[in-house]
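This report describes selected features of a two-chain assembly, beginning with the contact between the chains and then turning to the fold of one of them.

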Amino acid sequence: MRVVPVPSHLDDQTIDQLAASLGAWPPEERILLDAHATEWASPTGFVALLTLGQALAELGAPQPRLALPDSASVTSYWGKAGLLQHAEQYFELHGKAPPRKRAEQSDVLLPVTMIRDAADVMEVVGQIGKRATAMLRDQLGLEASVVGGFGQSLSEACQNIVEHAGTTGWAAVHAYSYRRRLGRKVLVIATSDAGVGFRRSLDATLAKRIGDRWSDGAAIESALIQGISRFRDPGRGQGLAGIKRYLSRWQGKISIRSGTARVKFGPEWTWDEEPPRSEHLAWFPGSQVTILIPGKEIDE
Amino acid sequence: MSSVIRLDVVLREAVATPYSDLVTRQTGAAVRNRVLMVLRDRPGHDAHLDFSAVGLVDFSCADEVVAKLIVASADLPVPRVLLYGVRADHADAIEHALDRLGLAVVAVLIDSDHPLLLGAIPEDCRTAFDALTERGRAAAESIANALGWTVPRALEALEGLASRRCVLAHADATFEFGAVA
């Protein structure tokens with residue numbers, strides 16, 4: 001049994017620690033994901049955990065164990081956010097799981113939801129429309145004009161799973177305070193899939209042309225920055241390009257991790273010290289997309 | 001003559017959904033095909049796509065419903081494709097889709113009765129379009145006088161608008177946008 005500690009704060013950046021602890025892939029031993037000391041997880045953390053479980057299941061690996069957080073409030077939140085309901089499919093859960101409840105917390109806009117096809121995308125976008133408007137206005141202090149772009153970004157991020165992953169994936173949307181890094185509340189869209197990843201998706205289109213410099217990072221940049229798609233249709237590649245355009249207007253950030261690289265696009269001065277492109281990270285299955293939309297500054 | 005096509009209605013005919021959002025490529029393609037079917041049955045009519053009861057429009061659906069429709073309708077006896085009841089966020093997505101393909105369309109925003117151009121179009125065309133919509137029907141000389149341009153410059157801009165099917169070019173060398181529905 002290989003024990004893989006889950007970071008105390010699991011988010012789009014600390015996934016790297018989780019990936020590094022996995023060791024060789026496919027794993028040679030049964031995996032125990034140890035989250036007993038985990039205090040907090042972002043929506044990206046939730047969907048990435050499910051992607052890991054899904055990837056192991058699709059490999060036919062022995063069912064991994066997931067040791068739930070010691071903190072009852074953390075586990076309760078994991079339940080309300082919809083993680084545990086789906087985690088049961090992929091993990092042998094250890095620890096005290098809270099009774100099943102619907103996501104009642106106002107900061108969970110979209111509990112962890114499986115994305116299989118276009119109908120799921122329509123359902124996700126349609127369901128949260130009014131709540132998203134209220135949350136962006138009331139909790140983040142944003143004007144109505146931000147709402148449309150939020151829905152467009154959610155839709156396109158989910159469609160990337162349907163169009164490119166070659167398998168199912170996950171989406172979640174939460175609002176939370178990002179005081180440590182930003183001093184604001186943010187709305188976070190997270191999607192993840194256990195699919196082929198950006199590099200394999202674009203191999204046939206770009207690998208030959210880019211040659212030795214072809215990598216996970218180059219593939220993500222081609223899609224995000226240059227709007228390149230594996231489809232020949234010139235109208236393709238709109239999704240990520242549109243999200244980037246929207247986020248640049250509202251000082252938002254998008255971060256995409258796929259394989260061994262992560263590329264972010266966002267205002268340097270606002271967010272974090274992460275470089276625009278990180279390569280040679282520990283490998284993690286599929287692709288993870290994190291979109292952060294900042295609220296107005298919090299009055300201290 | 002015009003055919004007003006309510007996209008919220010077409011959406012519900014094309015896809016079994018309780019929602020009014022134009023999202024996903026599959027949805028967009030299904031809606032476009034239905035719109036094209038309607039237009040084939042109404043030769044000579046402008047296509048007036050009514051967005052006023054549509055919820056969200058994402059970038060992919062804007063490409064499928066508007067950009068690809070403009071391309072496909074060029075092979076049909078449809079003089080123009082015009083958009084009505086467009087919200088600002090719809091316009092963003094549509095403009096993004098049209099920009100990539102070098103296309104343009106005339107849209108009337110939901111809270112306005114003033115037509116505007118969305119997409120990739122030279123600045124002179126935009127300026128000439130504004131001048132023309134203020135005047136109704138005009139020749140290049142009139143637009144040139146109003147803008148302080150040479151007549152060839154005004155004519156090039158107006159012909160650019162007509163070739164993109166954003167305005168009508170008449171046999172008497174005048175141009176017009178026409179009435180806002």
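## Interface between the chains

In this predicted model, 24 residues of chain B are in contact with 20 residues of chain A. On the chain B side, α2 (25–40), α3 (59–73) and α4 (88–101) each supply at least two of the residues that touch chain A, and the largest share, 8 residues, comes from α4(B).

Sorted by class, the side of chain B that touches chain A is made up of 9 nonpolar, 7 polar and 8 charged residues.

## The parallel sheet of chain A

Chain A holds an open sheet of 4 strands, paired in the parallel sense and arranged in the order β1-β3-β5-β6. Because β1 (2–5) and β6 of chain A stand at the edges and have a single partner strand each, one side of each is left without a neighbour in the sheet. From one strand to the next, the twist averages 20°.

The parallel pairing of β5(A) with β6(A) runs over 3 bridges, and A:Leu66 has A:Leu93, in β6(A), as its bridge partner.

## The buried side of helix α4 in chain A

Within helix α4 (residues 83–90) of chain A, the buried residues are A:Leu83, A:Leu84, A:His86, A:Ala87 and A:Tyr90. These residues lie on the same side of α4(A), because they cover an arc of only 160° around the axis.

How values were computed: Residues numbered from 1 in each chain as written. Chains lettered and ligands numbered in written order. Predicted model: local features only at pLDDT ≥ 70, side-chain atom pairs only at ≥ 80, totals over all residues. Buried ≥ 20, exposed ≤ 12 C-beta atoms within 10 Å, placed from the backbone. Arc of directions from axis to C-beta. Contact = placed C-beta atoms within 7 Å. Nonpolar A, V, L, I, M, F, W, Y, C, P; charged D, E, K, R; others polar. Pairing = 2+ DSSP bridges. Axes fitted to C-alpha atoms, helices over the stretch in contact; angles between N-to-C directions.
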